[in-house]
Amino acid sequence: MAKVFVTRELTPNVMHRLATAPEIKELRVNREDRVLSRQELLDGLRWCDAAITQLTDTIDDEALSVNPNLKIVANFAVGYNNIDTVAATKRRIPCSNTPGVLTETTADLTFALVLAVARRIVESDQYLRAGKYKSWAPQLLLGQDVHSKTIGIVGFGRIGYAVVQRARGFNMKILYSDIDDKSYAVELQVKRVDLETLLRESDFVSLHPFLDSV
């Protein structure tokens, strides 16, 4: 039976599963809506068998060294750049993450931003709340159409692909710029161009490049 340390409270269904799991002997949870201090993080790691961490928790060599019996660091995030994986490997501590779970969600939000900017949604909301609206006018907060426009995708990976799927629903012309050709571009009728051409010809540009520190 394990002692589990959760560095920040998660959704109710997840917390219920953790609280009722027969494999868990004791559960320690940060129930405050804040990032733990360094000392609080180290104290929790020193106490537990398994840690469920957040991208705001720095799990470096020092953090991994405080408990020789730590069995796993489960990162509640798609990425894991907050974890020193080299140090974890050296200490033979498995680390996990949640890859792919936010691809479609991120694409939804991306297209929400495209629509909000094009149709001046935020500006219109502020205008209305400020009591400035008096009557309809032909050019009042007119914005621009999204349908049939050109969108440029910089970085045509998983998220870029998901954004393209949404853009097709708006009958948009789609360009992409990437370091190599993508096999799925043909089926999606997406054209690869250089970055300069993409910026010149696109009405909207969505950035999804792979950012590597190297």
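A residue is called buried here if its relative accessible area is under 20%, exposed if over 50%, and partly exposed in between. Tyrosine 176, with a relative accessible area of 2%, is therefore buried. Keep in mind throughout that the model is predicted.

**Stop 1: the five-stranded sheet**

Select strands E1 to E5. They belong to an open sheet of 5 strands, with parallel pairing and the order E2-E1-E3-E4-E5. E2 and strand E5 (95-96) are the edge strands, each pairing on one side only.

Now select residues 2-6, strand E1, together with residues 24-29, strand E2. These two strands pair in the parallel sense over 5 bridges. To get from E1 to E2 the chain passes through helix H1 (residues 12-20), and this β-α-β crossover is right-handed.

**Stop 2: around glutamine 54**

Follow the chain past E3 to glutamine 54, in the loop between E3 and helix H3 (61-65). Is glutamine 54 buried or exposed? Its relative accessibility is 12%, so glutamine 54 counts as buried. Show what surrounds glutamine 54: leaving aside neighbours within four places in sequence, its contacts are Thr7, Arg8, Leu10, Asn75, Phe76 and Asn82.

Next, select arginine 28 and tryptophan 47. Arginine 28 lies over the face of tryptophan 47, at 4.2 Å from the ring centre.

**Stop 3**

Most residues other than glycine have a negative phi.

- Arginine 120 has a phi near 55°. It lies in the loop between H5 and helix H6 (121-129), and with a relative accessible area of 27% it is partly exposed.
- Serine 148 has a phi near 70°. It lies in the loop between H6 and E6, and at 46% relative accessibility it counts as partly exposed.

**Stop 4**

Select strand E6 (150-154), helix H7 (158-169) and strand E7 (residues 173-177). Together E6, H7 and E7 make a right-handed β-α-β unit. E6 and E7 pair in the parallel sense over 5 bridges, and isoleucine 151 has isoleucine 174 in E7 as its bridge partner.

E7 also pairs with strand E8 (residues 191-192), in the parallel sense over 2 bridges. There the bridge partner of tyrosine 176 is arginine 192. E7 is mostly covered, with 4 of its 5 residues buried.

**Stop 5: the aromatic rings**

How many aromatic pairs does the model have? The count comes to 5. Select phenylalanine 156 and tyrosine 176: their ring centres are 4.7 Å apart and their planes are at 45°, so the pair is tilted. Phenylalanine 156 is in the loop between E6 and H7, while tyrosine 176 is in E7, so the pair ties together parts that are 20 residues apart in sequence. Phenylalanine 156 is buried, with a relative accessible area of 0%.

Now select tyrosine 161 and tyrosine 184. This aromatic pair is edge-to-face, with 5.1 Å centre to centre and 85° between the planes. Tyrosine 161 is in helix H7 and tyrosine 184 in the loop between E7 and helix H8 (185-188), 23 residues apart. Ring pairs link Phe156, Tyr161, Tyr176 and Tyr184 into a cluster.

**Stop 6: the nonpolar cores**

Finish with the largest nonpolar core, which has 19 residues. Ile151, Ile153, Phe156 and Val190 have the most contacts inside it. Helix H5 (103-118), E6, H7, E7 and H8 each give two or more residues to this core.

Centre the view on isoleucine 153. Leaving aside neighbours within four places in sequence, its contacts include Val163, Ile174, Tyr176 and Leu198. Apart from this core lies another, of 18 residues, among them Leu42, Ala51, Ala63 and Leu70.

Note on methods: Residues numbered from 1 in each chain as written. Predicted model: local features only at pLDDT ≥ 70, side-chain atom pairs only at ≥ 80, totals over all residues. Heavy atoms only, no water. Pairing = 2+ DSSP bridges. Right-handed = clockwise from strand over helix to strand, strands pointing away. Phe/Tyr/Trp six-rings, centres within 6.5 Å; stacked < 30°, edge-to-face > 60°. Buried < 20%, exposed > 50% of the residue type's maximum accessible area, 1.4 Å probe, protein only. Lys NZ or Arg CZ within 6 Å of the ring centre and 35° of its normal. Core = buried A, V, L, I, M, F, W, Y, C linked by side-chain atoms within 4.5 Å. Contact = heavy atoms within 4.5 Å.
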